Amino acid sequence: MNLNTLKQYVQANNPKADLELIERAYKFAENAHKGQKRSNGALYINHSLNTAVTLAELNLDANTIAAGLLHDVPEDTDASLDEIKDEFGEEIAGLVERITKLGTIKYRGIERYIENLRKMFIAMAEDVRVIFIKFADRLHNLRTLNALPRAKQLRIAKETLEIYAPIASRLGMGQLKGKMENLAFSYVYPEEFTKLNNMISKQYKDRVHLINKIKGNINKKLKESGIEPISIKGRTKHLYSIYKKLLRHDREIIKIHDIVALRIIVKDLPDCYGALGIIHQLWKPLKGRIKDYIAQPKPNGYQSLHTTVFCEKETVEFQIRTKEMDDDAEYGIAAHWFYDENGSILPKKSLEWMREINSWRKEVEENKKYLDTLKIDVFQNRIFVFTPKGDVIDLPEDSTPIDFAYHIHTDIGNKCVSARINDHIAQLDAKLKSGDMVEVITDPKKKGPNRNWLKFVKTNVAKGRIKNATKAFGIFPFKE
Ligand code: MN
């Protein structure tokens, strides 16, 4: 990655962009960060450059890209914001200033969470480009997370899933959300990530073969009917979305219809519905899987037609939409930001977004309960607790110290006599909360679990092990 790569990205998306400005910003940042290295040993400027490339990929204006290059200068170097203002003017300096003010977001407890969200909202309302820079910055930090200690990795990955990804989702930035989530997922749930990755890659190969066959077929049929598709592409579902889907289905490995879906981009609305009709003539649709998000967009504005059909004994999902809808789904609000390099006037749709964000922010400030809707389904029904050694254990909501004990080891569960939560003795049926530090006290002489525990334990693991152990110890159901 170097300056030329960045320039190529910028030019590919925006031929009119001010490359001279970008080059000046690069040189300024390179000079300011001279001698600085990142935890992974790379030169610091590499981080600035990667942040800028993501912004270029989002097709943002040259000022935002320049601000992306300069985003860590005031905080981490001797060069000041005033120098940036002298060199690059008010607008770029303003963006850098806001990024610096936004600072590091720290994941710790609900109060901090609200405080962080408020900071994000204010920055967003003032200039949404600040959030784009923050996202781009975060994306590269996630990509280089490997070099950091485990505790830091976990903090950054968790706050990505809890704060950044839901905001990206609300802004309709599907692509960035997917990238951030996938990276964070591998750090928050490393085992599940590997398991799922292995599982999917097997299915994936078979699917790609099938999808390629169908692609040729549908392309021909559409053309015969006078619909000229702009593109037909196989789309792989993000691993983290699959994971969430599995969680919703009680972690059972069910068939996920849309591991690879076919996305058809057509020129206008009539062609969308026309293409849907042709697909349904060719293959039988699955009941309840036809979704018209064009007539009824998702809350974040997402528009597309979805259908799943039976095709060669397999089910295949199709997504049909126009180019504009596709850009919306991939880039969201970023797709509407800047139409030309000179104008600073927002297109109408962005103004609507801004209004929505503003009212959204007010609601959060006025009503903390609203946070629940914001968290969407990220971590819904899951809590994170810590062992005395600082390991993070992920449990369903309302789990108890007994669930925690069985999660660690069957013997610890069986021999559990009491527990401490945050250094205080607690009831065995106490409900754990995210962030609790839980310590289980065992008695080696204890014969086995108490069957009454079945009345309050939450996890299937605990239930199964209590049942097994009470059987083994000859304790009969409902007699204590
Ligand atoms: Mn940074």
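**Notes on the model**

1. In sequence, the residues donating to the manganese ion follow the spacing H-x23-H-D-x64-D. The two histidines tie together distant parts of the chain: His 47 sits in helix 3 (residues 44-57), while His 71 is in the loop between helix 4 (62-70) and helix 5 (73-76), 24 residues apart. Keep in mind that this is a predicted model.

2. Which atoms do the donating? The protein donors of the manganese ion are His 47 through NE2, His 71 through NE2, Asp 72 through OD and Asp 137 through OD, at 2.2 to 2.3 Å from the ion. If you plan to look at angles, the ideal values are 109.5 degrees for four tetrahedral donors, and 90 or 180 degrees for six octahedral ones.

3. Now the whole chain. The protein chain has 20 helices and ten strands. Of its 480 residues, 49% are buried. Taking contacts between residues at least 6 apart in sequence, 67% of them join residues at least 24 apart.

4. As a reminder, strands of a sheet pair through backbone hydrogen bonds, either parallel or antiparallel.

5. Strand 2 (residues 260-266) runs antiparallel to strand 1, with six bridges between them. Two of the residue pairs to check there are Lys 233 with Arg 263 and Gly 234 with Leu 262. Strand 2 also runs parallel to strand 5 (residues 314-322), again joined by six bridges. On that side, Arg 263 has Gln 319 of strand 5 as its bridge partner.

6. How many residues of strand 2 are buried? Seven of its seven are, so the strand is mostly covered. Val 260, Leu 262, Ile 264 and Val 266 point one way, Ala 261, Arg 263 and Ile 265 point the other way, and all of them are buried. Do have a look at Arg 263, which is among the buried residues here.

7. On to the nonpolar packing. The largest nonpolar core has 95 residues, and Leu 6, Leu 70, Phe 135 and Phe 318 touch the most other members. Helix 9 (residues 128-143) contributes the most to this core, with nine residues. There is also a second, separate core of 21 residues, which includes Phe 404, Cys 416, Ile 421 and Leu 432.

8. Leaving aside residues up to four places away in sequence, Phe 318 touches Ile 214, Leu 262, Ile 264, Ile 279, Trp 283, Leu 305, His 306, Thr 307 and Val 309. Leu 262 and Ile 264 in that list are residues that point one way from strand 2.

9. Phi of Asp 398 is near 70°, a positive value in a residue other than glycine. Asp 398 lies in the loop between strand 7 (392-396) and helix 18 (401-408), and its relative accessible area of 31% makes it partly exposed. Phi of Asp 423 is likewise positive, near 70°. Asp 423 is in the loop between strand 8 (416-421) and strand 9 (424-426), and is exposed, with a relative accessible area of 57%.

10. Last, the cysteines. A search of the whole structure turns up zero disulfides. Cys 311 counts as buried at 2% relative accessibility, and Cys 416 is buried with a relative accessible area of 1%. Cys 416 is also one of the residues in the second core.

Methods
Residues are numbered from 1 along each chain as its sequence is written. This is a predicted model: local features need pLDDT of at least 70, side-chain atom pairs count only at pLDDT 80 or more; totals for chains, interfaces and linings use all residues. Side-chain values use heavy atoms; hydrogens and water are left out. Donors are N, O and S atoms within 2.8 Å of the metal (3.2 Å for Na, K and Ca); water is not among the atoms, so sites may look incomplete. Helices (H or I, at least four residues) and strands (E, at least two) are DSSP runs, numbered from the N terminus. Two strands pair if DSSP finds at least two bridges between them. A nonpolar core is a set of buried Ala, Val, Leu, Ile, Met, Phe, Trp, Tyr and Cys residues joined through side-chain atoms within 4.5 Å. Buried means under 20% relative accessible area, exposed over 50%, partly exposed in between (1.4 Å probe, protein chains only). Contact means heavy atoms within 4.5 Å. A disulfide is a pair of cysteine sulfur atoms within 2.5 Å.
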